[in-house]
Amino acid sequence: TSRTGYMVNYKYVVDATGSAGVLRRALNVKMQGPKGIKHIVNVLVKVDLRRVFPSYEKPLMNWVISTPMPGISIHSNLTNRMNAQFVYNPPYEGKEDFTETRINELVSGLIGDSSIPFEVEDLSFWRMDCQIAERYYINQGNVFLVGDSAHRFPPTGGLGMNTGIADAQALAWRLGMVERGQASPMLLAQYGPERRSAAPKNLNICSIRIKLSY
């Protein structure tokens, strides 16, 4: 080890670094498909929403389309936190357009009751892509891509997470069998074609849903 890094000896490497795809980028594995189909501003809000909803309703997500800028509110409970999302459209508007005043107006419009106090705790921006890695298995070094490192799906439908879980399961049992001597290392090479063939169908479903949602 040193102050600048350390050396690791490995037999297999699994890139599960999310959409950043740290190893994928280092190995120059390209992503295929359109990027930037939507641009989202994400606002974490401290707010109590119990006055907004009847006591018998406990929604997880709300789509609000009647405000000047339609948005989505996501919450695990109604008592303390809301994750608000709004779509913006470069190049007509950018991050610099979301001033404190504008964000407060958007959040207030999303809540729908100006008498309810709230506090904006965090603000972030992200880009929605529809992309799949050109390959999931790099045999020079036994490197495997799983989850968002291998595919970037729109969030509609939850198929990005589910496809990622299936990636991990498909790779885990292969590695287990090879390491126990129950299968040839050739079994690992099948991971890429199998999982990559499943991604386009799921991506297409998400892409259709995103057109109907955001």
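**Figure 1. Strand 9 and strand 10 are antiparallel partners in this predicted model.** The two strands are joined by 2 bridges. Within this pairing, Tyr137 has Phe144 in strand 10 as its bridge partner. In general, the strands of a sheet pair through backbone hydrogen bonds, either parallel or antiparallel. The pair belongs to an open sheet of 3 strands, in which the order is 1-10-9 and the pairing is mixed. Strand 1 (13–15) and strand 9 are the edge strands of this sheet, and each pairs on one side only.

**Figure 2. Gly141 occupies the loop between strand 9 and strand 10.** Gly141 and Tyr10 are 131 residues apart along the chain, while their C-alpha atoms are separated by 8.9 Å.

**Figure 3. Phe144 is among the residues with the most contacts inside the largest nonpolar core.** This core has 26 residues, and Ala133, Tyr136, Leu145, Phe153, Leu171 and Tyr191 are also among those with the most contacts inside it. At least two core residues are supplied by each of strand 8 (131–133), strand 9 (137–138), strand 10 (143–145), helix 3, helix 4 (186–189) and helix 5 (191–213). Helix 3 gives the largest share, 5 residues. Another core, of 20 residues, lies apart from this one and includes Val47, Met69, Ile103 and Ile111. With residues up to four places away in sequence not counted, Phe144 touches Tyr12, Val13, Val14, Asp15, Tyr136, Tyr137, Leu171, Leu175, Leu188 and Tyr191.

**Figure 4. Tyr12 lies in the segment before strand 1.** Which residues does Tyr12 contact, leaving aside its neighbours within four places in sequence? They are Asn142, Phe144, Leu175, Val178, Glu179 and Leu188.

**Figure 5. Strand 5 pairs with both strand 4 and strand 6.** Strand 4 (residues 61–64) and strand 5 (residues 71–74) are antiparallel and share 4 bridges. In this pair, Trp63 has Ile72 of strand 5 as its bridge partner. Strand 5 and strand 6 (residues 81–88) also run antiparallel, joined by 4 bridges. Here Gly71 stands opposite Phe86 in strand 6. Strand 5 and strand 6 form a hairpin, with 6 residues between the two strands. As a general point, the side chains of a regular strand alternate between the two faces of the sheet.

**Figure 6. Asn83 is placed in strand 6.** Apart from residues up to four places away in sequence, Asn83 touches Asn42, Val43, Ile72, Ser73 and Ile74. Asn83 and Thr163 are 80 residues apart along the chain, and their C-alpha atoms are separated by 24 Å.

Figure 7. The peptide bond from Pro90 to Pro91 is cis, with omega near 5 degrees. Pro91 is located in the loop between strand 6 and helix 2 (100–111). Asn28 is found in the loop between helix 1 (22–26) and strand 2 (31–32). The phi angle of Asn28 is near 60 degrees, a positive value in a residue other than glycine. Asn28 has a relative accessibility of 47% and therefore counts as partly exposed, since the exposed class requires over 50%.

**Figure 8. The largest pocket has a volume of about 340 Å³.** The pocket is lined by 15 residues, and those closest to its centre are Ser19, Trp126, Asp148, Arg152 and Phe153. Which elements give two or more residues to the lining? They are strand 7 (118–128) and helix 3 (159–179). Strand 7 contributes the largest share, 3 residues. By residue type, the lining divides into 7 nonpolar, 3 polar and 5 charged residues. In general, rolling a probe the size of a water molecule over the atoms shows where empty space is left.

Notes
Residues are numbered from 1 along each chain as its sequence is written. This is a predicted model: local features need pLDDT of at least 70, side-chain atom pairs count only at pLDDT 80 or more; totals for chains, interfaces and linings use all residues. Side-chain values use heavy atoms; hydrogens and water are left out. On a 1 Å grid over the protein atoms alone, a cavity is a set of points where a 1.4 Å probe fits but cannot get out, and a pocket is an open set with protein on both sides within 12 Å along at least five of seven lines; lining residues have an atom within 4 Å of a point. Grid points are joined across faces, edges and corners, and a volume is the space filled by probe spheres set on the points. Ala, Val, Leu, Ile, Met, Phe, Trp, Tyr, Cys and Pro count as nonpolar, Asp, Glu, Lys and Arg as charged, and the others, Gly among them, as polar. A nonpolar core is a set of buried Ala, Val, Leu, Ile, Met, Phe, Trp, Tyr and Cys residues joined through side-chain atoms within 4.5 Å. Buried means under 20% relative accessible area, exposed over 50%, partly exposed in between (1.4 Å probe, protein chains only). Contact means heavy atoms within 4.5 Å. Two strands pair if DSSP finds at least two bridges between them.
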